[in-house]
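Work through the exercises below with the sequence and the structure open. Try each task before reading its solution.

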There are 2 protein chains.
Amino acid sequence: MYVPAHFEESRPELLQALMRAHPFATLITFDGAALNANHLPFEFDPEPAPFGTLRCHVARANPVWRELGGKVQPLVVFQGEHAYITPSWYATKAETHKVVPTYNYMVVHAQGTARAIDDPESLRALLVRLTNSFEAGRTPPWAVADAPPDFIDTLLNAIVGIEISLTCLIGKWKISQNRSTADQASVLAGLQDAGAAGLARAM
Amino acid sequence: MYVPAHFEESRPELLQALMRAHPFATLITFDGAALNANHLPFEFDPEPAPFGTLRCHVARANPVWRELGGKVQPLVVFQGEHAYITPSWYATKAETHKVVPTYNYMVVHAQGTARAIDDPESLRALLVRLTNSFEAGRTPPWAVADAPPDFIDTLLNAIVGIEISLTCLIGKWKISQNRSTADQASVLAGLQDAGAAGLARAM
């Protein structure tokens with residue numbers, strides 16, 4: 001990813017917050033011939049420092065878990081909010097008209113060494129943690145223990161976990177840092193009007 | 001991408017509608033050693049049939065345009081709406097409890113042969129079309145001609161276009177097609193409550 005210095009975000013707490021707020025990410029792999037992408041919810045675990053670990057699971061019938069462990073590290077893309085920025089929002093427009101459209105967005109790219117998780121107990125523990133995390137806001141929260149144990153056992157046989165030990169976390173926060181203070185204020189107002197609350201907060 | 005037959009969507013009009021509704025996509029490339037992803041707004045042109053053409057532009061300083069034309073075709077991922085599906089929504093839950101969480105989502109993966117667009121007139125025409133498309137809903141719409149011509153000329157020197165002649169378009173519409181009619185109805189109601197209007201419409 002092309003990241004000019006003024007758009008780079010490296011504070012771990014901000015990168016982690018984006019990954020937790022947008023856990024449905026894109027797992028990109030290379031099988032030696034072609035690019036492959038799968039869309040999956042991920043657990044981010046900050047251990048071990050400094051980068052942490054990502055975990056997800058896929059259908060056993062999905063060949064992606066057999067492609068891991070090669071020379072090319074998988075890339076996981078977490079996409080935050082994004083919004084079209086019309087030049088009409090810029091304060092500068094009225095003065096110089098030297099403005100063009102762009103997109104503002106926030107993304108985290110995570111790379112690391114991947115391996116399959118194929119033992120049922122680790123996999124069950126992962127399902128419980130992922131479920132509890134997604135159900136945290138619900139009343140009452142659904143729990144894995146609500147389903148019949150033999151049903152869960154059967155499902156565990158039909159999936160494979162993927163664990164990625166991260167070696168690199170890069171954040172690109174493209175949120176008008178390269179604009180004047182007046183332009184930033186007018187873009188912020190535009191984003192708030194457009195309902196892009198996350199981008200507005202980040203600005 | 002792993003696409004079980006019941007989740008595959010191949011109708012061109014639906015794939016094109018998703019790409020047009022979610023034009024801010026992820027351009028995934030392989031430079032011979034590592035995976036790379038850039039986040040860019042794309043123009044989808046249905047010509048030539050059957051798959052059409054994607055076009056975008058990047059900063060000239062972004063090395064991605066120099067990596068095109070290799071053996072590995074770039075992959076462009078257009079992501080539609082996605083939403084966590086709690087088991088609590090399923091009608092089946094009350095009967096058998098044989099339910100687990102999932103995500104519903106809609107994505108289009110586009111692959112093809114890429115080349116750089118480096119002549120200023122083609123690039124200017126692309127900027128005009130992209131701008132007009134993004135400004136179509138605004139009153140008054142901003143137009144490239146609103147900016148000083150020498151300012152636009154300078155910017156044209158700082159960017160490079162990318163054109164991808166598509167050879168493959170795959171859609172995955174994971175919208176509970178594998179659930180009973182009763183479960184589909186209850187998920188639809190859940191998605192509507194959760195504000196996931198696009199997924200609810202697609203169901």
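pLDDT is the predictor's confidence in each residue, on a scale from 0 to 100. This is a predicted model, in which local features need pLDDT of at least 70, side-chain atom pairs count only at pLDDT 80 or more, and totals for chains, interfaces and linings use all residues. Residues are numbered from 1 along each chain as its sequence is written, and chains are lettered from A and ligands numbered from 1 in the order in which they are written.

**Exercise 1.** State the confidence of chain A and of the complex.

Solution. Step one: the mean pLDDT of chain A is 94, and 100% of its residues reach 70 or more. Step two: within chain A, confidence is lowest in helix α2 (residues 91-96), with a mean of 84, and highest in β3(A), at 98. Step three: for the complex, the predictor gives an ipTM of 0.96 and a pTM of 0.96.

**Exercise 2.** List the secondary structure of chain A.

Solution. Helices (H or I, at least four residues) and strands (E, at least two) are DSSP runs, numbered from the N terminus. Chain A has 6 helices and 8 strands. Along the sequence, their pattern in chain A is β-α-β-β-β-β-β-α-β-α-α-β-α-α.

**Exercise 3.** Describe the side of chain A that touches chain B.

Solution. Begin with the term: two residues are in contact if their C-beta atoms, placed from the backbone, lie within 7 Å. Chain A and chain B each give 44 residues to the contact. On the side of chain A, the elements giving two or more residues include β2 (24-30), β7 (102-117) and α3 (120-135). The largest share, 6 residues, comes from β3(A).

**Exercise 4.** Find which face of helix α5 of chain B is buried.

Solution. A residue is buried if 20 or more other C-beta atoms lie within 10 Å of its own, exposed if 12 or fewer, and partly exposed in between, with C-beta atoms placed from the backbone. First, locate the helix: α5(B) covers residues 181-193. Second, pick out its buried residues, S186(B), V187(B) and L191(B). Third, look down the axis of α5(B): the buried residues fall within an arc of 140° (the arc of the directions from the helix axis to the C-beta atoms), so they line one face. Last, name the cover: β6 (75-85), α2 (91-96) and α6 (197-202) of chain B are among what covers the buried residues of α5(B).

Notes:
Expected span 1.5 Å × (residues − 1).
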